[in-house]
Amino acid sequence: MDLPVVDLAPFLGTAAGGGAAEVGEEVRALCATVSASLRDTGALLVKDPRCSAADNDRFLDVVERYFSRSAEAKRLQERPHLHYQVGVTPEGVEVPRSLVDKDMQEKIRSMPEEFQPTTPKGPDPKWRYMWRVGPRPANTRFKELNSEPVIPDGLPEWKETMDSWGSKMISAIEVVAEMAAIGFGLPKDAFTSLMKEGPHLLAPTGSDLQRHGSEGTVFAGFHYDLNFLTIHGRSRFPGLNIWLRNGKKMEVKVPVGCLLIQSGKQLEWLTGGECLAGMHEVVVTKRTLEAIALAKEQNRSLWRVSSTLFAHIASDAILKPLGHFAETPNADSYPPICAGDYVEQELSVINLKGKDGL
Ligand SMILES: O=C(O)CCC(=O)C(=O)O
Ligand SMILES: [Fe+2]
């Protein structure tokens, strides 16, 4: 089974002209594909004419150059006292949920062996860079730490590249969120109205395949993302496995020029469990090894960079099953909670206050 690829162009044409009422048959069918794929696979591939493969490459090039600096040089951008909310997070800091969550470990043991995730032996050996995207609310109960963005020296294109890729990814997510809402039979802006001024983060990961390139190495241990929707451009090195709703494990192949969307826990909340947060892991696989061999042959960087962006529901907005999802049998499992409180609660489990999307 392959993930469907949905072209956002037809919807973009329609949306420019008006609301959901004017959405025609063809576009309505695309919206149904979006919601069905998020429900059945927790993921979706999209093509957004506003986000080109060249944009993705420009982003990967800059972040690759940054991660290939020495550990000491990168640590100049480390802000542990700000709980790594901005700047770089070194390898060995992020802890996969499957390492600390007993319920999750229980669930893993009950899975058929062929679909079990690779067991991480400790914290993730991946680096990450946190860059805030989009405006924040003037008045909020959840003021993010008052910290300036951290800009690495010697990369003059950094700020513009991060801001530009970040806002493109948010635009793509907003369209997916509108299409999903229509597909689920909700008003077009059911999700996007809650995303306004959310604490969105562009949070690329960087994994050193030179040092950690043997088959089975776990870069990101089995987990779900606690935000609303996650979007990634194509990575130059594959390795992402996702779990479908039917429990099967699937290796994701992102075609050139496509973006990968994954459902997070806040979407699960808003749909009363119709969509479950997609479980996933990043592991060095045979396909990663092939990509490593090719990169070596072509003298390219051996840093695996992801272009991950975590899109969030605004911290002061209430998470609860929306519209008809409030009537579903599972709705009681998703009581109303402020998105900011929910995020803090999740982070306390993995004991990394201030880290999003893990
Ligand atoms: O490195 C990646 O490709 C994705 C990592 C991931 O799942 C995450 O950052 O939440
Ligand atoms: Fe993730």
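Okay, let's start in the sheet: strand E9, residues 240-243, is joined to E10 by three bridges, and the two run antiparallel. When I say strand or helix, I mean DSSP runs, E of at least two residues for strands and H or I of at least four for helices, numbered from the N terminus. Before going on, this is a predicted model, so local features need pLDDT of at least 70 and side-chain atom pairs count only at pLDDT 80 or more, while totals for chains, interfaces and linings use all residues. Residues are numbered from 1 along each chain as its sequence is written, with chains lettered from A and ligands numbered from 1 in the order in which they are written.

Back to E9. Asparagine 241 has glutamate 251 of E10 as its bridge partner, and isoleucine 242 has methionine 250, also in E10. Five residues lie between the strands in this hairpin, and glycine 247 takes a positive phi near 90° there. E9 also pairs with strand E12, residues 280-283, again antiparallel and again through three bridges. Here isoleucine 242 stands opposite histidine 280.

So what order do the strands take in the open sheet? It's E7-E12-E9-E10, four strands with antiparallel pairing, where pairing takes at least two DSSP bridges. E7 (218-223) and E10 (249-251) are at the edges with a single partner strand each, so one side of each has no neighbour in the sheet. On average, neighbouring strands are turned by 20° against each other, direction ignored.

Now the helices. H3, residues 53-67, packs on H7, residues 158-183, at about 135° with the axes 10 Å apart. Those axes are lines fitted to C-alpha atoms, for helices over the stretch in contact, and the angles run from 0 to 180 degrees between N-to-C directions. That pair is therefore oblique; under 35 degrees would be roughly parallel, over 145 roughly antiparallel, 65 to 115 roughly perpendicular, and the rest is oblique. In the contact, Asp55, Arg58, Phe59 and Val62 of H3 meet Trp158, Thr161, Trp165 and Lys168 of H7, contact being C-beta atoms, placed from the backbone, within 7 Å. By class, that's four nonpolar, one polar and three charged.

H2, residues 25-41, also packs on H7, at about 95° with the axes 7 Å apart. That makes H2 roughly perpendicular to H7. On the H2 side you'll find Leu30, Val34 and Leu38 among others, and on the H7 side residues including Val176, Met179 and Ile182. The classes there are ten nonpolar, two polar and one charged.

Last, ligand 1. Which residues come nearest to it? Of the eleven around it, Thr205, Ala220, Val282, Ser306 and Thr308 do. The shell has four nonpolar, six polar and one charged residues.

Note on methods:
Near = placed C-beta within 6 Å. Nonpolar A, V, L, I, M, F, W, Y, C, P; charged D, E, K, R; others polar. Contact = placed C-beta atoms within 7 Å.
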